[in-house]
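Have the sequence and the coordinates open side by side before reading on. The paragraphs below are meant to be followed with the structure in view.

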Amino acid sequence: MISIENVSKSFVLHNQGSAEIPVMQGASLQVALGECVSLVGVSGAGKSTLMRMIYGNYLTASGRIMVGDVDVASAAPREIIQLRRRTLGYVSQFLRVVPRVSTLDVVAEPLLATGTERGVAITQAKTLLTRLNIPERLWALSPTTFSGGEQQRVNIARGFAFPYPALLLDEPTASLDPTNRATVLAMIAEAKARGAAIIGIFHDHAARDEICDRQFDVTRFTPGLPA
Ligand SMILES: Nc1ncnc2c1ncn2[C@@H]1O[C@H](COP(=O)(O)OP(=O)(O)OP(=O)(O)O)[C@@H](O)[C@H]1O
């Protein structure tokens, strides 16, 4: 489902004499439907950079990043938006909060964007928020004022609302209490069981070992680091 082929990436620091910093060279990884792979490697190895390249937030210098039949490395912005709508989900570490949009609407939005009838989308959002222990009194409010852990759970509810066949998870269990952590791990297991291909970054090693089928050490492709 996700196929990364010989991918390289440099950053050009325009404010520092256009210095070119190579951060990844020749990375390849295949993730099948129903499989969960964790990106590992020392701090600065390029885990987040690879994740952002797969999602199309960072440009890829060379190589291919196939998600389904779309090559994110060469796709037009319009194709990437389409891919993100129905194929590729991303649970980032932090919720991007839009003032005045209710929590229910934040969670239902990925379903509404794919044509789900409003009543069905809101019911699904309520189910997810209940499961993640967001109190009902908060559902009509914007998550702007929520605690860090509450915002993270709203973000997870939103990320799991639509059944994406490919899913990127950036620290999905960070700063969760044991009960909510167990719920999120169960949700990831359910996504795998329905056939999602998942790539995650987990500093929570117990969670990683429980939920991931294998690890991908990004350090092997970091220029200048011992392999
Ligand atoms: N936007 C950027 N501009 C310039 N350099 C960047 C940018 N993003 C990342 N880098 C550099 O790329 C390298 C990889 O960073 P990245 O954040 O991907 O590492 P990581 O493995 O996710 O680290 P951590 O575990 O600490 O989050 C680092 O040397 C970092 O400084």
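What follows takes the sheets, the helices and the ligand surroundings in turn. The model is a predicted one.

Four strands form an open sheet in the order β2-β1-β4-β5, and the pairing is antiparallel. Its edges are β2, residues 19–31, and β5, residues 70–71, each of which pairs on one side only. Strand β1 covers residues 2–13 and is joined to β2 by 9 bridges in the antiparallel sense. One of the positions to look at is F11, whose bridge partner in β2 is I21. The hairpin of β1 and β2 has 5 residues between the strands, and there G17 takes a positive phi near 65 degrees. Elsewhere in this sheet, strand β4, residues 62–67, pairs with β5 in the antiparallel sense over 2 bridges. Here M66 stands opposite D71 in β5.

Next comes the parallel sheet. Five strands make up this open sheet, in the order β6-β7-β8-β3-β9, with parallel pairing. The edge positions belong to β6 (88–91) and β9 (214–217), and each of these pairs on one side only. From one strand to the next, the twist averages 20 degrees. Strand β7, residues 166–170, pairs with β6 in the parallel sense over 4 bridges. Within that pairing, G89 has L167 in β7 as its bridge partner.

Which strands does α1 touch as it packs on the sheet? Helix α1 touches β3 (36–40), β6, β7 and β8 (197–201), and its direction makes about 145 degrees with that of β8. Helix α6, residues 178–193, lies across β3, β7 and β8 and runs at about 150 degrees to β8.

The ligand can now be placed against these elements. Around the ligand are F11, I21, V23, G41, S43, G44, A45, G46, K47, S48 and T49. F11 and I21, in this shell, are also the bridge partners named above for β1 and β2. At least two residues of the shell come from β2, and at least two from α1 (47–55). The largest share, 3 residues, is supplied by α1. By class, the shell has 4 nonpolar, 6 polar and 1 charged residues.

The one with α4 involves residues 103–112 of α3 and residues 118–131 of α4, packed at an angle of about 125 degrees with their axes 8 Å apart. The two helices are therefore oblique to each other, and their crossing is right-handed. On the α3 side the contact is made by T103, L104, V107, A108, L111 and L112, which meet R118, A121, I122, Q124, A125, K126, L128 and L129 in α4. The contact of α3 with α4 has 10 nonpolar, 2 polar and 2 charged residues.

How is α3 oriented relative to helix α5? Helix α5 spans residues 148–159, and α3 packs with it at an angle of about 30 degrees, with the axes 7 Å apart. Angles under 35 degrees count as roughly parallel, so α3 and α5 are roughly parallel to each other. From α3, the residues T103, V106, V107, E109 and P110 meet V154, A157 and R158 in α5. This contact has 5 nonpolar, 1 polar and 2 charged residues.

Notes
Residues are numbered from 1 along each chain as its sequence is written. This is a predicted model: local features need pLDDT of at least 70, side-chain atom pairs count only at pLDDT 80 or more; totals for chains, interfaces and linings use all residues. Two strands pair if DSSP finds at least two bridges between them. Axes are lines fitted to C-alpha atoms, for helices over the stretch in contact, and angles run from 0 to 180 degrees between N-to-C directions. Angles under 35 degrees count as roughly parallel, over 145 as roughly antiparallel, 65 to 115 as roughly perpendicular and the rest as oblique. A crossing is left-handed if the near helix is turned anticlockwise from the far one by less than a right angle, and right-handed if clockwise. Two residues are in contact if their C-beta atoms, placed from the backbone, lie within 7 Å. Ala, Val, Leu, Ile, Met, Phe, Trp, Tyr, Cys and Pro count as nonpolar, Asp, Glu, Lys and Arg as charged, and the others, Gly among them, as polar. A residue is near a molecule or strand if its C-beta atom, placed from the backbone, lies within 6 Å of it.
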